[in-house]
Amino acid sequence: MEAAGSSSSRPPKRRRPGLRPSAPLEVAGARTPYMPSLCTNSKNPSTKCYGDRFIPDRSAMDMDMAYYLLTEPKKGKENEAVVSPAKEAYRRLLAEKLLGSRTRILAFRNKPPEPEGMLPQILFETPTSSQTKPTKQRRKIPQFAERTLDAPGVVDDYYLNMLDWGSKNVVSVALENTLYLWNASDSSTSELVTVDADYGPITSVSWACEGQHIAVGLNSSDIQLWDTSSNRMLRTLRGVHESRVGSLAWNSSILTTGGMDGKIVNNDVRMRSHMVQTYRGHEAEVCGLRWSGSLQQLASGGNDNLVHIWDASMASSNPSVGYNRWLHRFSDHLSAVKALAWCPFQSNLLASGGGGNDRCIKFWNTHTGLCLNSVDTGAQVCALLWNKNEKELLSACGFVQKPLTLWKYPSMVKLAELEGHTSRVLCLAQSPDGSTVASVAADETLRFWNVFGTSEAPKPAAKTVHTGMFSFSHIR
């Protein structure tokens, strides 16, 4: 039993490949090993059989030359000690004259066949210059402002929105009680309005979509509507809020206003009874309002550290029914939220920035209500702007040496830090073509930065016909 166990423990012997097992008591080596055929099965008699080897053609060879080339070096080595230099030179010269360049021993009649199943030749071809994609040159980002204007009397208040850039390339900036217009096309400056001290200062400004009319929010809670082509005030909205109006946002003919009383109100400027919807969710001043690019969602930020997303389709047109309820409420920020920016290349992406106790930029999916990312900037976030041509985000911060920072999205790597302002930046505004950014800061300067560059193929602006949202002959 012990011997049987030891023999069974030995590994079985492996047979050599290609040999069939021998029969019992057969003489070893009596059977010839199996050899595969070197010819492929083909019904065509003219088909050449090459197999896995290529055999030289003896009829194409010079046997005498081959014998000489094979034996001559050996003889030379044997008689190397007795051959004189003169004889060696004579032999070398004679070989060159008689043999020439005939040094091949084996000669082949045909070229070897191409292997079957060869990949297409196009896969091995190197791409031509026309097929390769041209490398995109890295954009040079200017570190300094291309233009600086004085802005004396700017109110150093984090919660106000005193700067906007209209679609007709005119910048509006509020300096205490006066609203100034600066035309970027011809660099001309004009004064639109100076309000009385009892109503001022001006706390918010916002251009309508067509770039001709502008809304002006006041510390007294009134909202004025102006026609900049004729420098004429069209109407004043009263009774909307109980205290100052710090934020404004347009949605076609609807002017959305946010006040220190925490209310958000939609005002149809075509109607005599202009208050059509009210959103109530903030318990402190509303300091940030932004409609999405589709104009279907409204983002609001407040001094209660909250961000709300409101759906226009859920808004009630009857204020007596009650206040409209938010779609999402974000409470992750630890300080007031004024900076809001909708992404131009992803409609459901919102960026928000918190104040001094938060210092973070957060990214939200407004469809699911999830926070996608949070980045600590190390400073109070006052404003945010997306680049329309690249996946980049510009942030304006307070109480840092370089308050403007350009970030790469989604990695949030710093691309540049812009120098110039000596105090915190309060507001940002973007030119109609998206290339230039205007910033107003507590150092009483208005600076223009060519930070976003120009698009490679700008699309022509669509011609729109405005039916006169401020034509009060059609008030109903």
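Tutor: This is a predicted model, in which local features need pLDDT of at least 70, side-chain atom pairs count only at pLDDT 80 or more, and totals for chains, interfaces and linings use all residues. Residues are numbered from 1 along each chain as its sequence is written, and side-chain values use heavy atoms, with hydrogens and water left out.

Student: How many bridges pair β4 with β5?

Tutor: Strands are DSSP runs of E with at least two residues, numbered from the N terminus, and two of them pair if DSSP finds at least two bridges between them. Strand β4 covers residues 178-183 and β5 covers residues 188-194. Leu179 stands opposite Val193 in β5. The pairing is antiparallel, and the count is 6 bridges.

Student: Which residue in the hairpin of β4 and β5 takes a positive phi?

Tutor: The hairpin has 4 residues between the strands. The residue with a positive phi near 60° is Ser187.

Student: Why is the pair of Trp165 and Phe448 edge-to-face?

Tutor: Rings of Phe, Tyr and Trp (its six-membered ring) pair if their centres lie within 6.5 Å; planes under 30 degrees apart count as stacked, over 60 as edge-to-face and the rest as tilted. The centres of Trp165 and Phe448 are 5.7 Å apart. The pair is edge-to-face because the planes are at 85°.

Student: How far apart in sequence are the parts that this pair ties together?

Tutor: Trp165 counts as buried at 10% relative accessibility, and Phe448 counts as buried at 2%. Trp165 lies in strand β2 and Phe448 in strand β28, so the parts tied together are apart in sequence by 283 residues.

Student: Is Tyr159 buried or partly exposed?

Tutor: Tyr159 forms an edge-to-face pair with Tyr158, at 5.2 Å centre to centre and 85° between the planes. Tyr158 counts as buried at 5% relative accessibility. Tyr159 has a relative accessible area of 23%, so Tyr159 is partly exposed.

Definitions and conventions. Buried means under 20% relative accessible area, exposed over 50%, partly exposed in between (1.4 Å probe, protein chains only).
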